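User: Could you walk me through how to read a few features of a structure, one at a time? I would like the general idea and then the case here.

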Amino acid sequence: MRGLLVINELTQVKSDHFLITYHGIYEEEAEEVAAILENNYEQIRKDLNDPDHDIVRVFIHPTRKDFSKATGLSNVTVTGTSRGPLEFHILWTTWYNSLFPDNPRSTAVHEFTHCVQLNILITNELAAVTPEDRENFDKLFERKFSEEYPQWFWEAICTYEAKEINTFSVMYALRNKPNLKMLNDSNQIYLVGYTLIEYIVEIWGKEKLPELITSYVDLEGVLKVSEAEFEEGWYKFVTEKY
Ligand SMILES: [Zn+2]
């Protein structure tokens, strides 16, 4: 147990852009999450060119059991998940409930960045949708997103904005030179994701990030390189830098 000051009843903290619902953690911890999210809010939305964004609902769960019950996710490696552009959940990982706790503060920024990507994509699609497709919009968007938006980029942007980077893990994950296709289906993306975006930003500039999002990551169209050229350049960049 983490002491008597842990707040056990469902409680809310409200900041300018977030409504945080929590229990089983300290009030200061929930306030800390709100402060970290607010501190990153403008920068992330500016980096990615997010249109108007309504209040985001954040749910913080104190145990794996609470997290799984609320999200339906039982995989023990998952510690956060976004639910559309306006909601995300995180597990408050600590030495009490995790073998190797990650930092739930970065997880919150990571998940918020998923919300931003979804807000951009959905706003864009809604502007282009025909009246008859509007009825089935959710289904159509979900299908397009899962078929066309590359998983490696979806995660890489979030690890970049949450500054989830560890030099040792980068070198470890790059031993077998994973390509983008492999990274779409592998947890290795969490180890190297930061460097993929860092590479894009250093070579082509940050202003390419919004274009990549709205083009569903058209590397040829936006960066003028093939996927193979991009991968080679990235290996070289990482080897020189790390
Ligand atoms: Zn993620």
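Analyst: Happy to! Let's start with a term: a residue is buried under 20% relative accessible area, exposed over 50% and partly exposed in between, using a 1.4 Å probe and protein chains only. By that rule E155 is buried, because its relative accessible area is 6%. This is a predicted model, where local features need pLDDT of at least 70, side-chain atom pairs count only at pLDDT 80 or more, and totals for chains, interfaces and linings use all residues. Residues are numbered from 1 along each chain as its sequence is written, and side-chain values use heavy atoms, leaving out hydrogens and water.

User: Which residues coordinate the zinc ion?

Analyst: Donors are N, O and S atoms within 2.8 Å of the metal (3.2 Å for Na, K and Ca); water is not among the atoms, so sites may look incomplete. Here H110 and H114, each through NE2, and E155, through OE, coordinate the zinc ion at 2.1 Å. In sequence these donor residues follow the spacing H-x3-H-x40-E. Helices (H or I, at least four residues) and strands (E, at least two) are DSSP runs, numbered from the N terminus.

User: Is H110 buried or exposed?

Analyst: H110 is buried, because its relative accessibility is 5%.

User: How do α3 and α6 cross, and at what angle?

Analyst: Axes are lines fitted to C-alpha atoms, for helices over the stretch in contact, and angles run from 0 to 180 degrees between N-to-C directions. The axes of α3 and α6 come within 8 Å and cross at roughly 130 degrees. Angles under 35 degrees count as roughly parallel, over 145 as roughly antiparallel, 65 to 115 as roughly perpendicular and the rest as oblique. The two helices α3 and α6 are therefore oblique to each other.

User: Which residues of α3 and α6 meet?

Analyst: Contact means heavy atoms within 4.5 Å. On the α3 side, the residues include V109, H110, T113 and H114, and among those they meet in α6 are F153, W154, E155 and I157.

User: Which residues touch the most other members of the largest nonpolar core?

Analyst: A nonpolar core is a set of buried Ala, Val, Leu, Ile, Met, Phe, Trp, Tyr and Cys residues joined through side-chain atoms within 4.5 Å. The largest one has 68 residues, and F112, W152, F153, L196 and F230 touch the most other members. Beyond its neighbours within four places in sequence, W152 has contacts that include L180, L183, I189 and L196.

User: Where does a positive phi turn up in a residue that is not a glycine?

Analyst: Most residues other than glycine have a negative phi. N49 has a positive phi of about 65 degrees and lies in the loop between α1 (27-48) and β3 (56-61). Y216 has a phi near 55 degrees and sits in the loop between α10 (208-214) and α11 (219-223). N49 counts as exposed, at 54% relative accessibility, whereas Y216 counts as buried, at 10%.
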